[in-house]
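Dear colleague,

Please find the structure below, handed over for your study. My notes on what was found follow it.

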Amino acid sequence: MKILVVSDSHGVLKNLRQAVEREQPDRIFHLGDLVSDAQRLSCAAPEIPLEAVVGNCDGWTRGASSLLLEVEGVSFFLTHGHRYQVKSGLSLLTQAGREAGADVVCFGHTHQALCRRWPDGTLVVNPGSVGGIHAPATYAVVTVENGCAAAELKTLEGENGHAFDH
């Protein structure tokens, strides 16, 4: 299972479409800012299941601020991150992910791509800003196989060479 993880598209739909065309994912996770971009992408590619959470720039948009879901035996905690003050550190976020029992914690908000495995085995992924807002246009690909997850950060120009396996 190949999952495209994006965040902070901020209306740059061409980058979202380019990432989908390039990766041909089985699923898409959009981590907010702007969730309306996720809705447009879902209409453009209805054959690809898409889950989305709202971010701090989504205003009065209704939707979940976090989701816990399972993909082929791997538990994912999805959130934008602003409610966990991720710009000040990841302790609140990782605590929430651990309390939820997540194997993989996905968040955005900082526009800085990150992929790390904590000592307890939790994989923490921030795809950065697919919109390329104040940073290179980046996204993540999470592959789930045999109950294990591996993540890779990529730019729209090419892979940046960071791979993390579980």
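How many cavities of 30 Å³ or more does a search of the whole structure find? The search finds one. Please bear in mind that the model is predicted.

The cavity

Rolling a probe the size of a water molecule over the atoms shows where empty space is left. In this model, the largest cavity holds about 30 Å³ of space. Five names make up its lining: Leu13, Arg17, Arg40, Leu41 and Ala44. Two elements each give two or more residues to this lining, namely helix H1 (13-23) and helix H2 (35-44). The largest share, three residues, comes from H2.

Is Ile133 buried, partly exposed or exposed? Its relative accessibility is 23%, and Ile133 therefore counts as partly exposed, since buried means under 20% and exposed means over 50%.

Which residues does Ile133 touch, not counting residues up to four places away in sequence? They are Asp8, His10, Val12 and His111. For one of these contacts, His10, the separation has also been computed: Ile133 and His10 are 123 residues apart in sequence, while their C-alpha atoms are 7.7 Å apart in space.

Definitions and conventions: Residues numbered from 1 in each chain as written. Predicted model: local features only at pLDDT ≥ 70, side-chain atom pairs only at ≥ 80, totals over all residues. Heavy atoms only, no water. 1 Å grid on protein atoms, 1.4 Å probe; cavity = no way out; pocket = protein on both sides within 12 Å on 5 of 7 lines; lining within 4 Å. Points joined across faces, edges and corners; volume = space filled by probe spheres on them. Helix = DSSP H or I, 4+ residues; strand = E, 2+ residues; numbered from the N terminus. Buried < 20%, exposed > 50% of the residue type's maximum accessible area, 1.4 Å probe, protein only. Contact = heavy atoms within 4.5 Å.
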